[in-house]
Amino acid sequence: MDEGLLRQIEAEGSWLELKIRRQYQALFTEGLNGMRQASTLVAIHTRELGIRALQSRELRLVGWVIKFFNTYLRAVINARDIRSGYNLLKQYRLLAEAALRHQQSALVLEMVGHFRYYSLVAYKAGLLFLSETFGFDLGVLAQLSCALQSETTEAILQVLLHLDQDPESEQQEMTLRGIRKTQARLAAYFLSRGREDLARLIYEDMQQEPLARLQIIRQELYCTASEFWEFTDRAENFYYLEPALRPYAEQFFSWFQGLTSLPASLEGVPGSLELP
């Protein structure tokens, strides 16, 4: 190790924690593209260590947990193991949710910044579904932040609004639509909470989208069933729009001039999400 890092570990008295996390790192990396269950279990235990550190206000230990989650993400991208990344991101997001509930805004924004960075790295590496997953988890985090009336809500939203990239292929088009669907769902949620100001930020970011793309996004939201039609560890469908949010989604889409109305019976049809 670097001498400066060694001195930091010695000053903190973090030897034991770092030994454990280095073993976790080795196990996580060995499990990629093979024993994915082992990698997922490491991610779960890493998240639990982080939550216990939050509960005891050992913020330096939370910092180490964040650093190792980032290390796992780098290993996932290097190994091109999208499924392991899909499961890893949920555990990372749950840690960010715990930080929100403990009112650790600085830690939340640090993690959100890492989400943006690794999402762009994954996108450039061609791991488009992983980038889409980052978008979904940021949307969930922004929703919780709004529910808790946290000061982090707009900052999380701004990161989510900067994830989408102009598509150059059919697969990139699907990824863009996926991120846009997350943003539209979030706009509906904000409207349901009386936060039209935040929903307007999403509208301003999306208002230059072609009407044909907006129409597809709107239709796919309405056509997505509540549960994904395959068994997955998350057991959730990214783009399900709850019936209670549909009137607010209609309010949001009504701001875009030129969108045609949708049939009232659009429900329960599989959407476009496919897990690699």
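## Helix α11

Helix α11 has 12 residues. From first C-alpha to last, α11 reaches 17 Å, close to the 16 Å expected at 1.5 Å a residue. That expected span is 1.5 Å times one less than the number of residues in the helix. Helices here are DSSP runs of H or I with at least four residues, and strands are E runs of at least two, numbered from the N terminus. The model is predicted: local features need pLDDT of at least 70, side-chain atom pairs count only at pLDDT 80 or more, and totals for chains, interfaces and linings use all residues. Residues are numbered from 1 along each chain as its sequence is written, and side-chain values use heavy atoms, with hydrogens and water left out.

The buried residues of α11 are Arg213, Leu214, Gln215, Ile217, Arg218, Glu220, Leu221 and Tyr222. Buried means under 20% relative accessible area, exposed means over 50%, and partly exposed lies in between (1.4 Å probe, protein chains only). What covers these residues of α11 includes α9, α10 and α12 (246-253).

Arg213 sits in α11, which spans residues 211-222. Why does Arg213 count as buried? Its relative accessible area is 15%. Leaving out residues up to four places away in sequence, Arg213 touches Pro167, Glu173, Leu176 and Arg177. A contact here means heavy atoms within 4.5 Å.

Glu17 belongs to helix α2 (residues 15-31). Glu17 counts as partly exposed because its relative accessibility is 21%. Glu17 and Trp64 are 47 residues apart in sequence. In space, their C-alpha atoms are 8.7 Å apart.

## The whole chain

The chain has 12 helices and 0 strands. Of its 276 residues, 52% count as buried. Among contacts between residues at least 6 apart in sequence, 73% join residues at least 24 apart.

## Helices α5 and α6

Two packed helices are described by the angle between their axes and the distance between the axes. Axes are lines fitted to C-alpha atoms, for helices over the stretch in contact, and angles run from 0 to 180 degrees between N-to-C directions. Helix α5 (residues 82-101) packs with α6 at about 155°, and their axes are 8 Å apart. The two helices α5 and α6 are therefore roughly antiparallel. Angles over 145 degrees count as roughly antiparallel, under 35 as roughly parallel, 65 to 115 as roughly perpendicular and the rest as oblique.

The crossing of α5 with α6 is left-handed. Left-handed means that the near helix is turned anticlockwise from the far one by less than a right angle, and right-handed means clockwise. On the α5 side, the contact includes Leu89, Tyr92 and Arg93. On the α6 side, it includes Met111, His114 and Phe115. By class, this contact of α5 with α6 has 10 nonpolar, 1 polar and 1 charged residues. Ala, Val, Leu, Ile, Met, Phe, Trp, Tyr, Cys and Pro count as nonpolar, Asp, Glu, Lys and Arg as charged, and the others, Gly among them, as polar.

The contact of α6 with α7 divides into 10 nonpolar, 2 polar and 1 charged residues.

Helix α8 covers residues 153-161. Its buried residues are Thr153, Ile156, Leu157, Val159, Leu160 and Leu161. They pack against α6, α7, α9 (170-192) and α10 (196-206).
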